[in-house]
Amino acid sequence: MLRRDIGTVEGVESVREGVQIVRVRMRSGKLERAVHYTDSAPLLAAGEVVDLNVTAMDLGLGSGGYHLVIGAREWRADPECVPATAEGHIMKLKYTPMQRSVLAVEEPQSSYHATFLEPMHLSGMPVLLGELHSMLPIAISWLRYRELKGGVEEARKVAYVMSDGGALPLAWSHHVAFLEALGWLETTITYGQAYGGKIEAVNKFSALVAAKHVAKADLCIVSMGPGIVGTGTLYGYSGIETGELVNAVHALGGTPIVIPRISFADARLRHRGISHHTLTALQIAASCPAIVPLPHLQGEEHGLVQEQAQSLKRHQVVHMPAIAQDEIDEALRKYPESITSMGRGLFQDPAYFQAVCAAAEYVYQLHNRQE
């Protein structure tokens, strides 16, 4: 069911590329926040009446604490207010009222079309595969910290590939906005129904090829956008795509490296230690082998993770040296805001951050060995 309401814009809270956050006065009188995507519509101004999708908030799902603007009751007629449309012919959000055309990197109109006419190889390129979007800024922050500490003269080029397992507009990710502003991302790629990357791709295979042969990246990080889906069942969660991505990277000759989701702060038993999300994706969905770096933890936590890892017979489990919380904290200080996962920061859920940094550390060491 789609739940709608009407609100009046009272002010603008923030604007970044592709996204405007506005304050709206609801018919109930409450003042709430709403997200307005500006890739296909003009910026909103105070006094405009807007239709809102209030479904997630009404269901108590949060949606980040925002309603979503469907449209204004009267768009301004000035054509200069409306962004130019893409030249491509590949549709995203297909057969919905919000479908839009993009110039996909593979299609005939693309200058890279010829690249995709022949089989392509990733030539061993490391591909970090993460389930949660918050893994992205942690991994890149650790890599940049290690490169700076190690005196690396030229930082490796990192491409971020966003799947359609979570949020579909890349513009919704403030982490991507921060990472691009810092110059820590070479490019962004969106595939499937996800859209808004610097490069648009039709599927995960061509997205990975684009990272290697179009963006010329040294490293690719793949995760869904914010908003993972879970149902408390064995297979009913969006993060199972991690296993499918292992197969794609392996088929293309890359090096799939899975960031394990580990927590000892989550009250849910199925997420204690290595989350069942990671275990199921690797046991069931991944038919090809992946590298799974594990952090060195202490005491009972270490024992449980080691025991769980024994079920990953198909994969190469790598035991990484211990990484101190204080060192991770130092690495994250260069990032412009605090990073949380499920509302928990480094010192509330250190194992989660240690697992992400252990995987990033493996990539850092792999790159140095190759050089």
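This is a predicted model: local features need pLDDT of at least 70, side-chain atom pairs count only at pLDDT 80 or more; totals for chains, interfaces and linings use all residues.

User: Which parts does H5 pack against with its buried residues?

Analyst: Helices (H or I, at least four residues) and strands (E, at least two) are DSSP runs, numbered from the N terminus. In helix H5 (residues 241-251), 8 of the 11 residues are buried, so the helix is largely enclosed by the rest of the structure; buried means under 20% relative accessible area, exposed over 50%, and partly exposed in between, with a 1.4 Å probe and protein chains only. Leu245, Val246 and Val249 are among those buried residues. Their partners are strand E8 (126-129), E9, helix H4 (204-213), strand E12 (219-224), strand E13 (255-258) and helix H6 (276-285).

User: And how many residues of H4 are buried?

Analyst: The buried ones include Lys204, Leu208 and Val209. They pack against E8, E9, strand E10 (187-190), strand E11 (199-200), E12 and H5. H4 is mostly covered, and the count is 7 of its 10 residues.

User: Is Ala217 buried or exposed?

Analyst: Ala217 sits in the loop between H4 and E12. Setting aside neighbours within four places in sequence, Ala217 is in contact (heavy atoms within 4.5 Å) with Met125, Lys157, Ala159, Ala211 and Lys212. Its relative accessibility is 3%, so Ala217 counts as buried.

User: What about Lys216: what is its phi near?

Analyst: Lys216 also lies in the loop between H4 and E12. With a relative accessible area of 51%, Lys216 is exposed. Its phi is positive in a residue other than glycine, and the value is near 60°.

User: Where is Met342 found?

Analyst: Met342 isn't a glycine, yet it has a positive phi of about 55°. Its relative accessible area is 42%, so it's partly exposed. You'll find Met342 in the loop between helix H8 (325-332) and helix H9 (350-370).

User: How many residues apart in sequence are the parts tied together by the pair of Tyr66 and Trp172?

Analyst: Rings of Phe, Tyr and Trp (its six-membered ring) pair if their centres lie within 6.5 Å; planes under 30 degrees apart count as stacked, over 60 as edge-to-face and the rest as tilted. By this rule there are 4 aromatic pairs, and Tyr66 with Trp172 is an edge-to-face one, 5.5 Å centre to centre with 90° between the planes. Tyr66 is in the loop between helix H1 (55-58) and strand E5 (67-72), and Trp172 is in the loop between strand E9 (158-163) and helix H3 (174-182), so the pair ties together parts that are 106 residues apart.

User: What is the angle between the planes of Tyr352 and Phe353?

Analyst: Tyr352 and Phe353 are both buried. They form an edge-to-face aromatic pair, 5.6 Å centre to centre, and the angle between the planes is 80°.

User: Last one: the ring of which residue has the charged end of Arg100 over it?

Analyst: A charge sits over a ring if NZ of Lys or CZ of Arg is within 6 Å of the ring centre and within 35 degrees of the ring normal. The charged end of Arg100 is 4.4 Å from the ring centre, and the ring belongs to Tyr195.

Key. Residues are numbered from 1 along each chain as its sequence is written. Side-chain values use heavy atoms; hydrogens and water are left out.
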